[in-house]
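Subject: Structure handover

Hi,

Here is the structure I promised to pass on. Please open it and keep it beside this email as you read.

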Amino acid sequence: MNILAVNDDGIQSPGLAALVDSLSAVANVYVCAPDGQRSAKSHSVTLGQNVLVQPVRFPGAKEAYQTSGTPADCTKIGLQFFQEAGIHIDMVYSGINMGSNLGRDTLYSGTVGAAAEAALSGYHGVAVSVDSHEAVHFETAGKLSVDVMDQVFGKLDPSVVISINVPNLPKEEIKGVKCVPLGDRYYDDKFHLTEGNRYMLSGEPADFSGSGKEIDVTAAQEGYAVITPLQFDFTDYKNLETVKKWGLNI
């Protein structure tokens, strides 16, 4: 099994190191990651400018590259470069992200975007996150990354991305695993003036505890690890039939 590991927090992230450490126990791991922080880059790719790609050493990885590109760039570059070197990649793992990717956050997430690029390229993709920007507990996220491997590879359609979100807690304090749909997570956020004409977006996530909904955000807030399968066909097929009946023409 050959795995490409990517992320959006940058090649120096402890989350990526933890992911490679876990996966390298059961597979050959190859790394392609940004040279710095690229959070919230979603599925963007670099157009009209060069992307710097440099080989680097990475503990536990067979080979590694760092790039000046986006997380999705890293997926594309990793798949291409290792394929050209005669290495067939079987799965792509993105993470372990420092911070959760729950509910509508998945639309902004560079972690999910990198895994989605794998899916669009015909490869199995898994996105892994821990629910804290100061995460220190990666053991459960690493274990679940390994545990889902045999359940995903060759069994799920590659168009499906598995998203794993784990509380930043010791393994013994996590209540279990819940497989639930995305919720409506939103931030009470706004752009705040910092100086001159400079503004910065900041805010806090909403509190869904006690809502009674079986969704990813409530499960995570209640102390469960969460697994959600994602698909990226945005077509609303029900309303497509409605739109056809409009009879528009030119």
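Is Glu241 buried, partly exposed or exposed? Glu241 is partly exposed, because its relative accessible area is 41%, which falls between the 20% and 50% limits. Before you go further, note that this is a predicted model.

**Salt bridges**

Lys244 counts as exposed, at 56% relative accessibility.

A search of the whole structure gives 7 salt bridges. Another one joins Arg38 to Asp35. Here the closest N and O atoms are 2.6 Å apart. Arg38 is buried, with a relative accessible area of 14%. Asp35 is partly exposed, at 39%.

Now look at Glu117 and Lys76. Their salt bridge has its closest N and O atoms 3.5 Å apart. This pair links distant parts of the chain. Glu117 belongs to helix α4 (residues 110–120), and Lys76 to helix α2 (residues 71–84). The two are 41 residues apart in the chain. Why does Glu117 count as buried? Its relative accessibility is 8%, and buried means under 20%. Lys76 counts as partly exposed, at 42%.

There is also a network of salt bridges. It links Lys178, Glu214 and Glu222. Lys178 has a second contact to check: it lies over the face of Tyr224, at 4.4 Å from the ring centre.

**Aromatic rings**

The count of aromatic pairs is 3. Take Tyr65 and Phe81. Their ring centres are 5.4 Å apart and their planes are at 85 degrees, so the pair is edge-to-face. This pair links distant parts of the chain: Tyr65 is in strand β4 (residues 63–67), Phe81 is in helix α2, and they are 16 residues apart. Tyr65 is buried, with a relative accessible area of 17%. Phe81 counts as partly exposed, at 27%.

Tyr65 also pairs with Phe82. These ring centres are 5.4 Å apart as well, but the planes are at 50 degrees, so this pair is tilted. Again, distant parts of the chain are linked, with Tyr65 in strand β4 and Phe82 in helix α2, 17 residues apart. Phe82 is buried, with a relative accessible area of 0%. Tyr30, Tyr65, Phe81 and Phe82 form one aromatic cluster.

**Nonpolar cores**

The largest nonpolar core has 36 residues. Which of them touch the most other members? They are Val31, Tyr93 and Ile164. Helix α1 (residues 14–23) gives the most to this core, with 5 residues.

Leaving out residues up to four places away in sequence, Ile164 touches several others, including Val126, Val128, Leu144, Val148, Val226 and Ile227. Ser129 and Ser145 are also among its contacts.

Over to you.

Technical notes: Residues numbered from 1 in each chain as written. Predicted model: local features only at pLDDT ≥ 70, side-chain atom pairs only at ≥ 80, totals over all residues. Heavy atoms only, no water. Core = buried A, V, L, I, M, F, W, Y, C linked by side-chain atoms within 4.5 Å. Buried < 20%, exposed > 50% of the residue type's maximum accessible area, 1.4 Å probe, protein only. Helix = DSSP H or I, 4+ residues; strand = E, 2+ residues; numbered from the N terminus. Contact = heavy atoms within 4.5 Å. Salt bridge = Lys/Arg side-chain N within 4 Å of Asp/Glu carboxyl O. Phe/Tyr/Trp six-rings, centres within 6.5 Å; stacked < 30°, edge-to-face > 60°. Lys NZ or Arg CZ within 6 Å of the ring centre and 35° of its normal.
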